[in-house]
Amino acid sequence: MSTSVIDAGGHAVAPTLPDVLPEPKRRGRVMGFIYRHPTIALGGSVLGLMVLIAIFAPFLATVDPTALAPAKRTRPPSDLYWFGTDMLGRDVYSRVIYGSRVSLTVGFSVAALASILGTTLGLVAGFTRWLDAIVMRVMDGLMSIPGILLAIALMALTRASMKNVIIAIAVAEFPRVCRLVRGVVLSLREQPYVEAAIASGTRIPVIIWRHILPNTLAPLMVQATFICASAMIGEATLSFLGAGTPPIIPSWGNIMAEGRALWQVKPYIVFFPAIFLCLTVLAVNMLGDGLRDALDPRLAKRL
Amino acid sequence: MLAYFIRRVLATIPVVLMVALFVFSLLYISPGDPAAIIAGDQASPEDVERIRASLGLDRPFLVRFFEWLWHVMHGDLGTSIFTNLPVSHMIAQRIEPTVSLMTLTLILSLSVAIPMGVIAAWKHGTLIDRLVMMVAVFGYSTPVFVVGYLLAYLFALQLDWLPVQGFTSITEGLVPFLRNLILPAVALGLIYMALLARITRATMLDVLSQDYVRTAKAKGVAQKGILFVHALKNAAVPIVTIVGIGFATLIGGAVVTESVFAIPGLGRLTVDAILRRDYPVIQGVVLLFSFTYVLVNLAVDLLYTVFDPRIRY
C-alpha cells in the first residue's frame with residue numbers, strides 16, 4: 001500500500017509520479033513465449049530437431065544404414081565412423097539417424113491412434129448409460145494388465161512389423177484416454193449450458209462437436225503427449241526384448257538389442273542410440289509438462 | 001469398516017474376470033493349432049479332428065474359458081509347448097529372483113523417493129527443489145535398460161565395485177545377495193522413484209498450506225515433526241495410490257531389468273517364451289503379473305482407511 005500518501009491535513013492524496021514511467025519490459029513474441037513457457041520451448045525445439053533429423057535422414061546419414069561391411073566390424077568411433085560400427089560392420093551413426101524415423105513414427109502414430117480410439121469409446125461410454133458400465137469394466141481389465149506385458153503378449157501373437165508394434169502399444173495405452181474423455185463428458189453433462197442444449201433438443205453429435213470436444217481438447221493434448229513419450233520407450237523396450245520392430249529396420253531399440261551381446265567391450269553401440277532415445281523422450285515429456293502447465297493451471301499447481 | 005472391506009474385495013472380481021478373459025483370448029487366438037501339432041505331419045484331417053475332440057478344443061469359447069479358469073484356480077496354468085513342463089512349475093522355479101528384485105526395489109524407492117519429495121516440498125522453489133524435480137523428469141524419460149547399462153558400465157565395468165551380472169539367492173548370505181541385486185534395483189527403481197518423488201512433492205505442497213500445519217508451526221512443533229507426522233500422514237493417500245499404480249511400471253521394468261543383468265527370474269522366462277512363441281508360458285506369466293497388480297491395488301485401497309479413517313465408500 002505504498003500508493004496512498006497522507007498530507008498535512010490528514011487527507012489522502014495521490015503520490016507524485018515520476019515524469020517518465022520506466023519503459024515496460026518489451027520482449028519479442030518469440031522471446032516472450034520462451035520466457036513464459038521455457039519447458040514447451042526447449043522440449044518443442046529438441047523434438048523439432050529430431051523431426052528434421054528423421055526427415056533428412058538420407059542426407060545426414062553417411063552410408064546406407066543396412067550396408068554390411070564384415071571387414072570393418074566393431075570399429076570404435078572415429079573420423080570415418082562417428083559412432084563406430086556394429087558387429088556386422090554397419091555404421092552406427094547412420095543407423096541411429098535412420099532410427100529416429102521409427103521412434104517418431106511409432107510415438108506420433110500411437111498417440112494419434114490411442115487418442116482417436118479412446119475419445120470415441122469415452123464419448124460412447126459417457127453418453128450411453130447402459131454401455132458405460134460395460135466399457136469401463138473392459139477398460140479396468142485392460143488397465144490391470146501392465147502395459148508393456150500386454151504389448152509383449154500382443155506382439156507374440158502377430159508378425160513383427162512396425163504397424164503391429166503401433167497397434168500393440170496403442171491397445172495398451174488407449175484406456176487412459178477413454179477414462180479421461182468419459183470423465184470430462186460426465187462432468188460436462190451436468191453443466192447448465194449442456195443441459196440447456198439437451199433440453200432445447202440439440203442432437204447429440206452437435207453437442208459433442210460444439211460443447212464436449214472443445215473442452216476435451218486441452219487435457220487430451222497433454223495426455224497424447226505423454227502417450228507419445230511412453231510409446232517411444234515402449235517401442236524401444238519391445239525391440240530390445242526381441243518382440244518389436246523387425247531387426248531389418250534400424251530402430252534405436254534394435255540397435256541396442258544388437259549391441260547387447262558386445263556391450264561390455266563395445267559399449268558405444270548401446271549408448272549412442274540410448275542418448276538419442278532419452279533426449280527425444282525427455283523433450284516430449286517436457287513438452288507435455290509445459291502444455292499441462294499452460295493449458296490447465298489448476299493441475300499445474302498440484303503437480 | 002468391514003462392509004467397506006467386503007465391498008472393495010467383491011469389486012475386484014469383475015476386474016479379475018476381465019483380465020482372465022483377455023489372457024485366455026490370447027491363447028485362444030494364438031496361431032498354431034495344438035491338435036495339428038500333436039497329430040503330426042502324417043495325420044489325416046479326420047485324425048486331427050479326433051484329437052481336437054479328445055482335447056476338448058472343439059467346444060465353444062465360453063465353455064473352454066470357464067474350464068480353463070477352473071484349472072487356473074486350482075493352480076494349473078497348462079503345459080509349456082517348448083519344455084513340456086507344467087507352467088506353474090516353471091513359474092515356481094523362477095519366482096524367487098523376481099520377488100527379491102521387486103522387494104528390494106520397492107524398499108529402496110520408497111525410502112529414497114518419499115524423503116526426496118518431502119524435502120523438495122519443504123524447500124519449495126530453491127535449488128534443491130529444482131534439482132529433485134530435474135532428476136525426476138530425467139528418471140521417467142530414461143528407459144530402464146538404458147539406466148541398467150549405464151549403472152553396470154560405471155559401477156561394474158569401470159569402477160569394478162560390483163558384479164556385472166547374475167543373481168545370488170539370499171540363502172547364500174545377505175552381502176552377495178545385495179551386491180548382485182543393488183544395481184538392478186536402482187535401475188528398476190529410478191522411474192518409480194521419479195514418479196513417487198513428484199507426487200510426494202505435489203501433495204506435500206498442498207498439505208503444507210493447510211491451516212493445521214500453520215497451527216502446528218505456531219504452537220512450536222519441530223519442523224521434522226510437522227513434515228513427517230502432521231503433513232506426510234495427510235499426504236499419504238495420493239502417495240500410496242501412486243505406489244499402487246506405479247507397480248505396473250515396476251512389473252514391466254522387471255522383465256527388462258532381468259534381461260540386462262542376466263537374472264534368472266520371471267522376466268527372463270517371459271522373454272525366452274516370446275522368442276520361442278511358447279504361448280502357455282506367456283499367458284501364465286501375464287496372468288500372474290496382472291493378478292499381482294490387481295491385488296496390490298486392492299491392498300492400496302484397503303490401506304486408505306488406515307491412513308485416512310474419513311474414507312468410506
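**A walk through a predicted two-chain model**

Visitor: What share of the 313 residues in chain B is buried?
Guide: Keep in mind that this is a predicted model. A residue counts as buried if 20 or more other C-beta atoms lie within 10 Å of its own. Among the 313 residues of chain B, the buried share is 38%.

Visitor: And what share of the 303 residues in chain A is buried?
Guide: Chain A has 303 residues. The buried ones make up 42%.

Visitor: How many helices and strands are there in chain B?
Guide: Read chain B from the N terminus and the elements run α-α-α-α-α-α-α-α-α-α-α-α-α. The C-alpha atoms of chain B fill a box of roughly 85 × 55 × 35 Å along the principal axes. The count for chain B is 13 helices and zero strands.

Visitor: How many helices and strands does chain A have?
Guide: From the N terminus, chain A runs β-β-α-α-α-α-α-α-α-α-α-α-α-α. That gives chain A two strands and twelve helices.

Visitor: Which element of chain B has the highest mean pLDDT?
Guide: Take chain B as a whole: 95% of its residues reach 70 or more, and the mean pLDDT is 82. Among the elements of chain B, the lowest mean, 67, belongs to helix 2 (residues 34-39). Where pLDDT is low, the predicted coordinates should not be read in detail. The highest mean, 89, belongs to helix 5 (residues 87-122) of chain B.

Visitor: Which helix of chain B gives the most to the side that touches chain A?
Guide: In the contact between the chains, 42 residues of chain B meet 36 residues of chain A. Several helices of chain B supply at least two residues each, including helix 1 (2-28), helix 8 (174-208) and helix 13 (279-307). With seven residues, the top contributor is helix 13 of chain B.

Visitor: How many residues on the side of chain B that touches chain A are nonpolar?
Guide: Sort the residues on that side of chain B by type. Three are charged and seven are polar. The nonpolar ones number 32.

Visitor: How many of the eleven residues of helix 6 of chain A are buried?
Guide: Among the buried residues of helix 6 of chain A are A:Gly147, A:Ala151 and A:Ile152. They pack against helix 7 (162-189) and helix 9 of chain A, and against helix 1, helix 11, helix 12 and helix 13 of chain B. Helix 6 of chain A is largely enclosed by the rest of the structure, because its buried residues number ten of the eleven.

Visitor: Where does helix 7 of chain B bend?
Guide: Helix 7 of chain B has 15 residues and reaches 20 Å from first C-alpha to last, close to the 21 Å expected. Its buried residues include B:Phe145, B:Tyr149 and B:Ala152. Among what covers them are helix 9 (204-241) and helix 11 (268-295) of chain A. The bend of helix 7 of chain B, about 30°, is at B:Ala152.

Visitor: Is B:Ala262 buried or exposed?
Guide: B:Ala262 sits in the loop between helix 11 and helix 12 of chain B. Although not a glycine, B:Ala262 has a positive phi of about 50°. Most residues other than glycine have a negative phi. Because B:Ala262 has 12 C-beta neighbours inside 10 Å, it counts as exposed.

Visitor: Is B:Ile263 buried or exposed?
Guide: B:Ile263 lies in the loop between helix 11 and helix 12 of chain B. Not counting residues up to four places away in sequence, B:Ile263 touches B:Pro97, B:Leu101, B:Phe167, B:Pro184, B:Glu258 and B:Arg268. With 23 other C-beta atoms within 10 Å, B:Ile263 is buried.

Visitor: How far apart in space are B:Ile263 and B:Arg94?
Guide: In sequence, B:Ile263 and B:Arg94 are 169 residues apart. In space, C-alpha to C-alpha, the separation is 9.5 Å.

Note on methods. Residues numbered from 1 in each chain as written. Chains lettered and ligands numbered in written order. Predicted model: local features only at pLDDT ≥ 70, side-chain atom pairs only at ≥ 80, totals over all residues. Helix = DSSP H or I, 4+ residues; strand = E, 2+ residues; numbered from the N terminus. Contact = placed C-beta atoms within 7 Å. Nonpolar A, V, L, I, M, F, W, Y, C, P; charged D, E, K, R; others polar. Expected span 1.5 Å × (residues − 1). Bend = angle between axes of the 7 residues up to and from the residue. pLDDT = per-residue confidence, 0-100.
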